[in-house]
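Please open the model in your viewer and keep the selection tool at hand. The tour below goes from one stop to the next and says what to select at each.

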Amino acid sequence: MTDTKKKSFTDKFTEITMKFGSQIHLRSLRDAFAIMMPLFILAGIAVLINAVILPKILTEAQLQVAQYWAVSIQNATLNLAGLLVCGVVAYTLSNNKGFEHTIAAVMIAISALVIMMPQTVEVLGAHEESVMATGVLSYTHLGTTGMFGGIIMGLAATELFMRLSNVKRLKINIGGDVPPAVNDSFNNLIPAILTLLLFSIISFLLFVLFKQDLITLIATLIQEPLRKINTSLLGTIIIYSTGNFLFTIGIHQTVINGTILEPLLLVNMNENMAAASAGKAIPHIINGTFVPTFGMIGGTGSTICLLIAVFLFFRKNEQYRQIASLSGLPGLFNINEPVIFGFPIVFNLPMMIPFVLTPAIGIFVAYMATAAGFMNRVTVMVPWTTPPLLNAYLATGADFRAVLVQLVIIVIGVLLYLPFIKISADALKKEAEAGL
């Protein structure tokens, strides 16, 4: 009876989690960030070259000229992040919902986002004094500060536009032998006008009644409070550990991390890269590269520690040795599905414990080392497939001390995995002897 109840609870928990992960708006958000990842990696490479390499080979005068290149990359990536994510979210949402006119949805979402931005912005004048200017858009609202605004407008404007487009009475079919693009344009004419008109009225009312704009309100009331909680040390460890636990029951960790944590970590990462590029103080310890670099060493669960433990202490176990041999090369590039499903870790109670705890310890150790000033803050977004040790070195702007910290985390992880590997091996042996 107890086993049935436990199974029933697990099944229900799994079902709820799967529904959460497959929710179309959250899935569209994850898809959008995956599409945008090359831009952020490019920005990270530019920061690495501009902040680490160029100062070592150029004079100060030459560096000021060379920085024009880095600034252009920053403006095209980080400083347009809010605008870009709005369009990409509109595309992924409309595509995932099977909407025929995805390009029209992108256009409407971007237009709606600009409508909701302030029409007058504060800029620096010729003598560094603040002046109010009209007819310009600010990188503050287009960039990382406006990312949550871009996400919300991408979802809201696209959803409204698609719903209105499905109302037959709002379609204009001109018929005849006109090009399909022209006919589609007239079909979407009234829904597009109504969507943008509604957001323009909201924008007008916010300005007249409260002297505010929606993008600033979203950043102030939603993005910043969420970021302070979720990307704190405790918040990150809790959310990330929950995602790792889900992986141990067969549900990919991005169900939780990809929707609740990663967008906020990405904002932190972008702000760090922008600060490094501008030569300013780095604001955040925890960010979108910090977590995988020190909490996903060899992949989710820091399974490089598991592989090392097997190679060093369990070579006589033929099954584990074969799995580790097959998983070693992918593990160097943080691809660890062969370990997770081949060892296995999924539904293997002894292995679940270090799989969840090792990343949490890694994040904690790296956080403390950074807070104490032992190593640089992470300022470079490196590809997730960058091998361990090298990723720590590059992510911190070529700081060898970060490599030492990562080595310490790996050693701790190996020691943590060891007793649980032995328990798992003993259980496997007893099952074999019992003929199970």
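In this tour Ala, Val, Leu, Ile, Met, Phe, Trp, Tyr, Cys and Pro count as nonpolar, Asp, Glu, Lys and Arg as charged, and the others, Gly among them, as polar. This is a predicted model, in which local features need pLDDT of at least 70 and side-chain atom pairs count only at pLDDT 80 or more, while totals for chains, interfaces and linings use all residues. Residues are numbered from 1 along each chain as its sequence is written, and side-chain values use heavy atoms, with hydrogens and water left out.

Select Gln 74, Asn 79, Thr 144, Ala 274 and Lys 280, which are the closest to the centre of the second largest pocket among the 15 residues that line it. A pocket here is an open set of points on a 1 Å grid over the protein atoms alone, where a 1.4 Å probe fits, with protein on both sides within 12 Å along at least five of seven lines, and lining residues have an atom within 4 Å of a point. By class, the lining of this second largest pocket has six nonpolar, seven polar and two charged residues. H12 gives the most, with four residues.

**Second stop: two helices**

Next select H14 (residues 304-313) and H15 (residues 318-332), which pack with their axes 9 Å apart and at an angle of about 140 degrees.

Definitions and conventions. Axes fitted to C-alpha atoms, helices over the stretch in contact; angles between N-to-C directions.
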